[in-house]
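I opened a new notebook page for this protein. These entries list what I looked up, in the order I did it.

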Amino acid sequence: PLDDDGRADSFVMFKVGKLQAPKRSSTVRSLEPVWNESFQLDCVRSDAVEVEVYDDDSMRKVKMADYSELQGKAVLKVASLQPGVGEVRTLRLTGGPAKPTLTMMV
């Protein structure tokens with residue numbers, strides 16, 4: 001659930017197959033988090049990048065059985081990207097309690 005003040009401590013996970021990028025840092029108490037981070041995932045055109053956004057509840061006073069609640073997920077097909085060209089993509093996240101979007105430069 002959201003924090004007591006109605007906000008979330010969000011973080012993002014990126015996976016390609018069984019490879020997973022390190023957990024991105026959490027934003028604190030925000031409904032519109034911004035991450036200014038970069039990383040590289042090795043992939044081929046037939047791959048898909050799985051993106052999952054979670055609310056990090058590990059710092060809550062009342063601990064949950066699972067400290068991170070899924071806020072939404074999406075899949076970005078690598079074949080949809082132009083090689084060597086930076087693009088801004090907005091993904092609609094599904095599977096969570098709301099219908100947020102994630103905008104990223106790829």
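I took strands (E, at least two residues) and helices (H or I, at least four) as DSSP runs, numbered from the N terminus. I counted two strands as paired if DSSP finds at least two bridges between them. I noted that this is a predicted model, where local features need pLDDT of at least 70, side-chain atom pairs count only at pLDDT 80 or more, and totals for chains, interfaces and linings use all residues. Residues are numbered from 1 along each chain as its sequence is written, and side-chain values use heavy atoms, with hydrogens and water left out.

Entry on elements. I found six strands and zero helices in the protein.

Entry on β1. I looked up the hairpin that β1 forms with β2: two residues lie between them, and Gly17 in the turn has a positive phi of about 60°. Strand β2 covers residues 19-20 and pairs with β1 in the antiparallel sense over two bridges. Lys15 has Gln20 in β2 as its bridge partner. I then turned to β3 (residues 48-56), which pairs with β1 over seven bridges, also antiparallel. Opposite Phe11 I found Tyr54 in β3.

Entry on burial. I used buried for under 20% relative accessible area, exposed for over 50% and partly exposed in between, with a 1.4 Å probe and protein chains only. In β1 (residues 10-16), six of the seven residues are buried. Of the 106 residues in the protein, 33% are buried.

Entry on charges. I searched the whole structure for salt bridges (a side-chain nitrogen of Lys or Arg within 4 Å of a carboxyl oxygen of Asp or Glu) and found one. Glu87 and Arg89 form a salt bridge, with their closest N and O atoms 3.0 Å apart. Both Glu87 and Arg89 are buried.
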